[in-house]
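Please read each point with the sequence and the model at hand.

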Amino acid sequence: MANPSFAEPNNSIQRNESIPQDCLNKHISAKLIKSFDIVRAYPTRALNMMKSGIVEAELTVDELGNVIEVIIIRAEPKGYFEEATIKEAMRVKYIPASENCKNVISKEPLKVKYMIW
């Protein structure tokens, strides 16, 4: 009978088999699959006043590709487009970013130009 203290190690337990070798140290950025709908987002008040503007924001995208946070970086003019941008940006969808073949939270830029044609 073999002594268990001298047993050969089980290599499949020691190395992490859940991450394929081609995924190690590999980062893949999030990919947009449902974009910002400017027509739906354009605030009625801004349309009625014939206002154009620009908003720059940072989106936090979770491991499922959902936007979970919107931070407004810049809005011109102030007070017209921020709320509408946040509301519509929460509907944007991504294929999530991944690190070592596991989905991860990422930060994605958003720049919206509101223009009257």
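1. A polar contact is a pair of N or O atoms within 3.5 Å; within protein, one of the two must be able to donate a hydrogen and the other to accept it. The model under review is a predicted one. In this model, the side chains of Ser106 and Glu108 are joined by a polar contact of 2.9 Å.

2. Ser106 belongs to strand E8, which covers residues 106-114. Is Ser106 buried or exposed? Buried means under 20% relative accessible area; Ser106 has a relative accessibility of 10% and therefore counts as buried. When residues up to four places away in sequence are not counted, Ser106 touches Ala30, Leu59, Thr60, Val61 and Ala97.

3. Strands of a sheet pair through backbone hydrogen bonds, in either a parallel or an antiparallel sense. The pairing of E3 with E8 is antiparallel and extends over 9 bridges. Within E3 and E8, Glu58 stands opposite Pro109.

4. E3 also pairs with strand E4 (residues 67-76), again in the antiparallel sense, over 8 bridges. Thr60 has Glu69 in E4 as its bridge partner. The two strands E3 and E4 form a hairpin, with 5 residues between them. In the turn, Gly65 has a positive phi of about 95°.

5. An open sheet of 3 strands should be noted as well; its order is E1-E6-E7 and its pairing is antiparallel. Strands E1 (27-28) and E7 (102-104) stand at the edges and have a single partner strand each, so one side of each is left without a neighbour in the sheet. Strand E6 (residues 97-99) is joined to E7 by 3 bridges, and the bridge partner of Ser98 in E7 is Asn103.

6. The largest nonpolar core contains 22 residues. Phe36, Leu59, Val67, Phe81, Tyr94, Leu110 and Tyr114 are those with the most contacts inside this core. Which elements give two or more residues to the core? They are E3, E4, helix H4 (82-89) and E8. Of these, E3 gives the most, with 4 residues.

7. Leaving aside neighbours within four places in sequence, the contacts of Tyr114 include Phe36, Ile38, Tyr42, Val55 and Phe81. Ala84 and Thr85 are also among the residues in contact with Tyr114.

How values were computed: Residues numbered from 1 in each chain as written. Predicted model: local features only at pLDDT ≥ 70, side-chain atom pairs only at ≥ 80, totals over all residues. Heavy atoms only, no water. Buried < 20%, exposed > 50% of the residue type's maximum accessible area, 1.4 Å probe, protein only. Contact = heavy atoms within 4.5 Å. Pairing = 2+ DSSP bridges. Core = buried A, V, L, I, M, F, W, Y, C linked by side-chain atoms within 4.5 Å.
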